[in-house]
Amino acid sequence: MTEQPFLSVTGLTKHFKPAAFSRGPVVRAIEDVSFEVPRGKVVGLVGESGSGKTTIGRSVLRLVEPTAGTVLVDGVDMTKLSARELRQQRSRMQYIFQDPFASLSPRMTIGQILMEGLEIQGVEPRETRVARAKAALAAVELPADAFDRYAHEFSGGQRQRIGIARALALEPELIVADEPVSALDVSIQAQIINLLRDLQLRLGLTMLFISHDLAVVEYICDTVIVLYLGRIMEIAPAETLYANPRHPYTRALLSAIPEPIPGRTSQRQVLVGDIPSPANPPSGCVFRTRCPLAIEACAGAVPGLETVGTEHRSACIRNAEIAAGAIS
Amino acid sequence: MSAATRVATPRKTSKGPWLRAWERFRSNGAALAGLAILVPILIAVSSYPLWWPYAPNDIDLRALNQAPGAVHWFGTDGVGRDILARLLQGGRISLTVAIVSVAISIVIGFLVGAIASFGGKVVDNGVMRLVDLAMTLPPVIFLLVLASIAGTGVMPTIVVISLLSWPVLSRMVRARLMELRERDFVVAARGMGASMPHLLFRHGLPNCIDILVVYATLQIANAILLEAGLSFLGLGIAPPEASWGNMLNAARSTIVLEQYVWQWMFPGGALVLTVLAINFLGDGLRDAFDPRSDLN
């Protein structure tokens, strides 16, 4: 790839320190995460609860202040911007929230919600703001009369559309979608995913798509990043990852996807136990406490991401053996 | 907007948060009763020079300590001043002192709470320890010291009462704003580049309105009582200016207490009635603004 990636994250780390005057462990939410998102592509972040997906998403937009690492958006290092510069850059990147009931102010009309960002970014005059807000409303296929109503009058799916419209009103280039469908009914999920997919293609958006639903990720993402305890386990193009997963964690995750065809059964690999506490992660490979292939050496060094195929990297010290099919 | 667009999109009736709060308030009998008592009092107090012939400091030497009757409806006091006129003027002073001092303490309380919640951990700790300090001072002694420094009169009384009543409010505002700071729609506003004033006044203030309104009504009742207490002790509003508190002061004399009952009963009654009405109103407002009542 010759073109410079639109979003480039290097060595991103976030440690949450205990409150002042109180003892407590440092929570290592994300540890040395690096990845790239080419312009106009969708990269998925998957992992179970507590794997640091949301923290990565928020750190990229600097809604959470990262402890270390750099985030380059179109060549601009987000982590080094002053508060004023950051506010100006904000219109280029927007966030879509998981919970459509918490993400809209109950005291504002939909019009006010959609125009808030335009007002903050100094879009004048008011007629322009109204026009852009109404265009955003139309883009998410909501009726124009929603403009003067309040969020509580809408259903979850409609509210999520409003959340998407709010992000689009600023005409961003990068969107971080944080589990945009996991709070919705299954029947609504498909609508919202299709809407996001259409908008992404039509507007050429670059997107970081956070989810724990592997089926959704496969549908919408070009590249998938598998996270565990704040570390990247495997990165691969979506097709490769689903056809030929390398990391034992990815394999366990994929085996948990329900089989839609009756009669066909897949061999389920059930992970034992819970994800360890990020306040006290295991030494070496963080996945070793639940890994079916763990050996003594796993407790030693932290495995780095090794290239195992075309644009396919996996962090496991037994990569070679797995590739040879010696173990599974 | 042109008439054409208005015809194209007929405005649907859409209940805003204020309208819904009013609907809940309307179904509360006690709160409506409070409002029904308070509104006539406010009207009478603010308009009395227009319809009552006597001024509060006019002396009628032919009518000392006169019992209520056709001329002086609520009687007269020891120097022949009309009780009703003094009662209404006293209400003016007492309510003005209460409302202004509560308004001042709301501004102080909100700003202190806002600084504590948005200023970071160090600022928060510093400010809140100061608030703790202000709260631990015994109110009566603090009041007496402040009043003896500030002196008597309307302005000093306002200052004393407003300095005493902001700490509790600032704690409530701080707690609300800290919770609000993590809410998704506030994070979204930050993600759109919102500045601190925008966050504070577009999201913080509207979502604190319920706290502020409820606190204001209940605190006005409290401030009326504080003013009465101070004036009763001779530290608040000084005679000849009338206030409900210094009118009650007359009851310290045994003769007045036993023989000229109307001289203290009317200000006492007005005080009780007003405070009670405001408390009912405050309760009603609290229920009306409680977000949980949306669930019913």
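Here is a chat about a predicted model with chains A and B.

Colleague: Let's start with chain B. How many helices and strands does chain B have?
Modeller: Chain B has 12 helices and zero strands. This is a predicted model, by the way. Read along the sequence, the pattern of chain B is α-α-α-α-α-α-α-α-α-α-α-α.

Colleague: What box do the C-alpha atoms of chain B fill?
Modeller: Roughly 75 × 55 × 35 Å, taken along the principal axes.

Colleague: Which residues of chain B does UniProt annotate as "transmembrane region"?
Modeller: The unreviewed UniProt entry gives that annotation to residues 30-51, 93-118, 212-238 and 261-282 of chain B.

Colleague: And what does the model show for residues 30-51 of chain B?
Modeller: That span is 100% helix and 0% strand, and its end C-alpha atoms lie 30 Å apart. Residues 93-118 of chain B also come out as 100% helix and 0% strand. There the end C-alpha atoms are 37 Å apart.

Colleague: Which residues does the UniProt domain annotation cover in chain B?
Modeller: In the unreviewed entry, "domain: ABC transmembrane type-1" covers residues 91-282 of chain B. Over residues 91-282 the chain is 84% helix and 0% strand. The end C-alpha atoms of that stretch are 19 Å apart.

Colleague: Can we zoom in on two helices? At what angle do H7 and H9 of chain B pack?
Modeller: Helix H7 (residues 154-181) and helix H9 (residues 196-232) of chain B pack at an angle of about 155°, and their axes are 9 Å apart. That angle makes H7(B) roughly antiparallel to H9(B). The crossing of H7(B) and H9(B) is right-handed.

Colleague: Which residues make the contact?
Modeller: From H7(B) they include Ile161(B), Leu169(B) and Arg176(B). From H9(B) they include Asn207(B), Tyr215(B) and Glu227(B). The residues of this contact divide into 12 nonpolar, six polar and two charged.

Colleague: New topic: how many residues of chain A are in contact with chain B?
Modeller: 30 residues of chain A are in contact with 24 residues of chain B. Helix H2 (83-89), strand E6 (93-96) and helix H3 (110-120) of chain A each give two or more residues to the side of chain A that touches chain B. H3(A) gives the most, with three residues.

Colleague: How does that side of chain A divide by class?
Modeller: The side of chain A that touches chain B has 13 nonpolar, seven polar and 10 charged residues.

Colleague: You mentioned a strand there, so let's do sheets. In what order do the eight strands of the open sheet in chain A run?
Modeller: The order is E6-E7-E8-E3-E9-E10-E12-E11 of chain A, and the pairing is mixed. E6 and strand E11 (306-309) of chain A are the edge strands, each pairing on one side only. From one strand to the next, the twist averages 20°.

Colleague: How do E6(A) and E7(A) run, parallel or antiparallel?
Modeller: They run parallel, and four bridges join E6(A) to strand E7 (residues 174-178) of chain A. Tyr95(A) stands opposite Val176(A) in E7(A). Helix H5 (residues 156-169) of chain A lies across E6 and E7 of chain A, running at about 175° to E6(A).

Colleague: What about the open sheet of four strands?
Modeller: Its order is E2-E1-E4-E5 in chain A, with antiparallel pairing. Strand E2 (27-37) and strand E5 (76-77) of chain A are the edges. Seven bridges join strand E1 (residues 7-16) of chain A to E2(A). For Phe16(A), the bridge partner in E2(A) is Val27(A).

Colleague: Which strands of this sheet does H1(A) lie across?
Modeller: Helix H1 (residues 53-60) of chain A lies across E1, E2 and strand E4 (68-73) of chain A, running at about 120° to E1(A). H1(A) also lies across strand E3 (42-46), E7, strand E8 (206-211) and strand E9 (223-228) of chain A, at about 155° to E8(A).

Terms used: Residues numbered from 1 in each chain as written. Chains lettered and ligands numbered in written order. Predicted model: local features only at pLDDT ≥ 70, side-chain atom pairs only at ≥ 80, totals over all residues. UniProt positions renumbered as here; feature names shortened; annotations may be inferred. Contact = placed C-beta atoms within 7 Å. Nonpolar A, V, L, I, M, F, W, Y, C, P; charged D, E, K, R; others polar. Axes fitted to C-alpha atoms, helices over the stretch in contact; angles between N-to-C directions. Parallel < 35°, antiparallel > 145°, perpendicular 65-115°, else oblique. Left-handed = near helix turned anticlockwise from the far one by under 90°. Pairing = 2+ DSSP bridges.
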